[in-house]
Amino acid sequence: MRLKKNPLLVVAGLAAALLTTGQSVNFYEEALPTSMNPLYAKSMVDTRVNELVLDRLYYHSPINNDLTSRLVSQWQMSEGGKAMKLTLKKGIKWHDGKPLTATDVCFTIDAMLDKGTPSPIAVAKRSVFSGCEVVEDHVALVRFTKIFHNPRYRLDFYVMPAHVFEGNTAISPDHAFSSRPIGTGPVKGSKGRRGVSFSKVPNKHHSAKIPQMSLQEGADPLVQVRTLQNNGVQGIITVPPPYRADVSASDELSLKSYDLRSWWFVAVNTSKTHLRDKRIRQALNSIINRVELRQLSIGVGPKEKNSPCEFISGPFVQSSSYYNRGVEVQETSDLNAAIRLLKAAGMRKVGGSWQYRGKPVNLKIGIKASLDVEAPDLLSQVSNQLGAAGFQRQQHKISTDDWNRKVLTGKATDYDLIIGKWSFGLVEDVNPLFHSRKGGRGNLNIFNYSSTKVDTLLAQFDGARTDTQAQDAYHKLHEVLAEELPYLFLWKLDTKSAWQTSVRGNNISAYYYWTEFSSWKYVQ
Amino acid sequence: MVRLLSVVLMVSCSGSPKQESRADVQNAVSSTLLSSTWQAQVAVPGALDERESLWMDYYNWSYDAAIDGLGAQSAEALARFHAELSGLYRQAALLQAHAILETYGPDQIRKTDPDEVQYLVGVAHWILGDVQAAEKHIRLPQLAASSVAGIQKAVGAWSGAGMDPLKTGLFDLGAVQTNGLPTVRPAPHYELPEKVDDRSVGVSDPTETILLADWHERAAIEALPTIRPLLELWSFPWQKISEDKASLSTDGLFLGPWSSNGDLDFVRAIERAKRNEQGIDVENFMAVSPAAVALAPCVGEKVDVDCVLGAGSDLQKQLKQELKTVSGAEDGRHAMLASYAKQGLLQAGMRYAGFLKDEESESRLRRIALDDMSNDHRGKAPLAALAKAAWDAKTRNPHHAQDLLHGQVQVASGLKAARYSLDVLYLRVTRDVGGGQPMH
């Protein structure tokens, strides 16, 4: 892609001048973190910041994928396999100088088990842990709800400081820790209104070579790239595909793969009268021309090889064991099929616009604002396609705050369609997205979609005794969701970061961006 | 010629011009060495002539079309295509072996798993060079008595063949022919009964992948016996690498990471030293291999990754300058052609780190090499991608292995079978990790 002159580039130059300071490494993130408390992480930005500031009890080494720990020196199974005795390394300190002890490990587990901690991440852990006991100053006995295979895999949580919460295990998302956390990670972080600043904290188990870092919220991707080229920042976490050629053409910059399992969607408000009938949702699916959308918003041609963007027909990426390859992707539009479905569902076209029960259908469409940077104009293009097919529309960009406050909590019911993206860690657990909102389940169900058939399949997945049972449940789920369409599934879009080559030793792997931060160095 | 050049030109012209700020080249490679590279040979105006358009199939990783097209005109190109396909299947077999052992090996097998998976474990051991362990598993009495006819037949065939898969007669791939492809049986090959709920798991038999690798190896040798050095480079880790010198022409090297026969011999020597646990003197190759010259300052007790990256950029720049000299003018495609030399150096560094048992540098260079090529319009080279996927399966990282394999299954139809081995590993690993919360 050839980049045109843009007045925003003046801003890029200014940003470069302002941001370059000494040995500080500055980088653009997709957004500011919403919370630096790992129990309330909602976005990939949040999880990445957690990596810098805190330590997981166990994690997979980005080098050889070994399950490893910076905090634990020894472990031993106990109580017939239902408990594990963990001996912590001595000499590790929190950022405020207090020592890390077994009390902190048990405090974190107790906080997750405390029903006064309204964290979905904690809720998921309640089926894993039954308690924790401080045996000695540096020895904790972690109890599980049952015997697990490879139980250390379950110990992937971030350890939090008991003293900061004064032992109160009911942790509120509004606690000051969320913006100024005390961790044991290689840096301490402080969130301001316009960014997050990090400064290194030497510790027994970390020795960061970069003394200062600054996270800025990225806006226009062209400005981001130009600022990077001008050395105003040293890195960009997410570079949209149209700008990658420009980055890779420079000897001073390198593109780094950050292979997450992420997919994009248009959530459909099945509670709206005019969207309740699945034939109407199927019609919308037939109207959407994914090939054109991909070309116009991401810059990928119809026949382009090695596309960073691959269509999907259900809630998994195509490479996943859970993806049902028997369910075909709808790549281009089929307007005749759409018209048939709309008419069969009782819609009528009057004066070029669709009406339902005598009223014009006006679709309120939203997109999470930060995604508009990654896939520019996707909102407009989706809206245009629906408009060309005869729907009136309104377009809205949804701020991160509104996304967290309204969309994720199922309160954005005034919207008809919402464009978003989900990213997954090691586990592609889609239960929070599609289960009915009840009993702590379905906590990310955007439009409160509810289907007995879907709930049954999700329960089958949760209760599966064997791997094949779990796989079969999700294959069937894929098939049902592709028919019911609470989401119009779009694509998997790969993620690439760009860094100045002067930033070295940056081992980035799929789920561990900053985990090896101590090996990063900045050679000016 | 026009088509390939135009693609190359398009790729090299996308984005801004290269910002070349490194004024000094640290590891100077002589002009004599640079002129021995395939890049220098194709940079001579008219060097590829009308055959350049035929290379488009290979450029697009369409091996079947390349065998039909360019393969019909050049025995060396034909042999090379088969050699690379053979290597692909060997990497796929390694991937399957690691995935099977990480799923059904002694620490990972579950009570509900079918007894018949022991057959797969046996084949996996054979792929990794442990024939005794293979025999121990394949000869388990419960396998001979299996209710799955396919397993009974396979176990009988392996036993009857003295644990030599090439003599089992399993999977009729058709007669070896240099101008064609083998017949591949759709996977899953067997449905194995689990010990719970009357369920079964579909699996693929890596024996087919071993046989596919052998089929292409024989086709390659039939087309051109001197292709063996390329075959050796992607053989199973326990197989021997000869000391024969490579003697390939441009058709054997064009658009590949080894810029010259000297580079190919250097990388084979690294691999030979690793397999034989013997030493290697890089200096011995500095008269014939640009990669050896560039890599030499970066290796000691470990491989200095940053040094290799710098040396790669330097080598690319020097070669680009040489291409300008050879062709008599600056040309938009030179940077792209020279980038193959950088890729070769990264891969040589990665293999050298493997020889030194420097796991961290090997892992980093493996990732960097893949990143480097994935930013190119041509995408990841299938062989490098499959080799990384096999490494990921070995390190119990099925996510990345699945992504890599998924990107390559269209390259050769027999690769789809490997999906089944990875699928079961993925399910096992992720279910061990437990629930997760999606993030926006």
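This is a predicted model: local features need pLDDT of at least 70, side-chain atom pairs count only at pLDDT 80 or more; totals for chains, interfaces and linings use all residues.
Is B:D197 buried or exposed? With 10 C-beta neighbours inside 10 Å, B:D197 counts as exposed, because a residue is given that label when 12 or fewer such neighbours are found.

Good morning. Let me stay with B:D197 for a moment. The residue is placed in the loop between strand 1 and strand 2 (200–203) of chain B. Although B:D197 is not a glycine, its phi is positive, at about 55°.

A:E166 is not a glycine, yet its phi is positive, at about 50°. This residue sits in the loop between strand 7 (139–144) and strand 8 (187–191) of chain A. A:E166 has 6 C-beta neighbours inside 10 Å and therefore counts as exposed.

Now consider A:Y415, which belongs to the loop between helix 12 (400–407) and strand 20 (417–424) of chain A. Which label does A:Y415 receive, buried or exposed? Here 21 C-beta neighbours lie inside 10 Å, so A:Y415 counts as buried; the cut-off for that label is 20 or more. If we leave aside residues up to four places away in sequence, A:Y415 touches A:N269, A:K364 and A:G366. By contrast, A:P181 is 234 residues from A:Y415 along the chain, and the C-alpha atoms of the two are separated by 35 Å.

One further backbone detail comes from chain B. The peptide bond that joins B:A187 and B:P188 is cis, with omega of about 5°. B:P188 is in the loop between helix 10 (149–160) and strand 1 (190–193) of chain B.

I turn next to a pair of helices in chain A. Helix 14 (residues 452–463) and helix 15 (residues 467–484) of chain A pack at an angle of about 160°, and their axes are 8 Å apart. The crossing of helix 14 and helix 15 of chain A is left-handed. On the helix 14 side of chain A, the contact includes A:V454, A:L457 and A:F461, while the residues they join in meeting helix 15 of chain A include A:A473, A:Y474 and A:L477. By class, the residues of this contact between helix 14 and helix 15 of chain A are nine nonpolar, two polar and two charged.

Chain A also contains an open sheet of three strands, in the order 15-16-17, with antiparallel pairing. Its edge strands are strand 15 (347–350) and strand 17 (359–360) of chain A, each of which pairs on one side only. Strands of a sheet pair through backbone hydrogen bonds, in either a parallel or an antiparallel sense. Strand 15 and strand 16 (residues 353–356) of chain A are joined over four bridges, in the antiparallel sense. A:M347, for example, has A:Y356 in strand 16 of chain A as its bridge partner.

Finally, let us look at the contact between the chains. How many residues does each chain bring to it? Chain A contributes 60 residues and chain B contributes 47 residues. On the side of chain B that touches chain A, the elements giving two or more residues are helix 16 (305–327), helix 18 (359–374), helix 20 (398–406) and helix 21 (416–433) of chain B. Helix 21 of chain B gives the most, with nine residues. By class, this side of chain B has eight nonpolar, 24 polar and 15 charged residues.

Thank you for your attention.

Definitions and conventions: Residues are numbered from 1 along each chain as its sequence is written. Chains are lettered from A and ligands numbered from 1 in the order in which they are written. Two residues are in contact if their C-beta atoms, placed from the backbone, lie within 7 Å. Ala, Val, Leu, Ile, Met, Phe, Trp, Tyr, Cys and Pro count as nonpolar, Asp, Glu, Lys and Arg as charged, and the others, Gly among them, as polar. Axes are lines fitted to C-alpha atoms, for helices over the stretch in contact, and angles run from 0 to 180 degrees between N-to-C directions. A crossing is left-handed if the near helix is turned anticlockwise from the far one by less than a right angle, and right-handed if clockwise. Two strands pair if DSSP finds at least two bridges between them.
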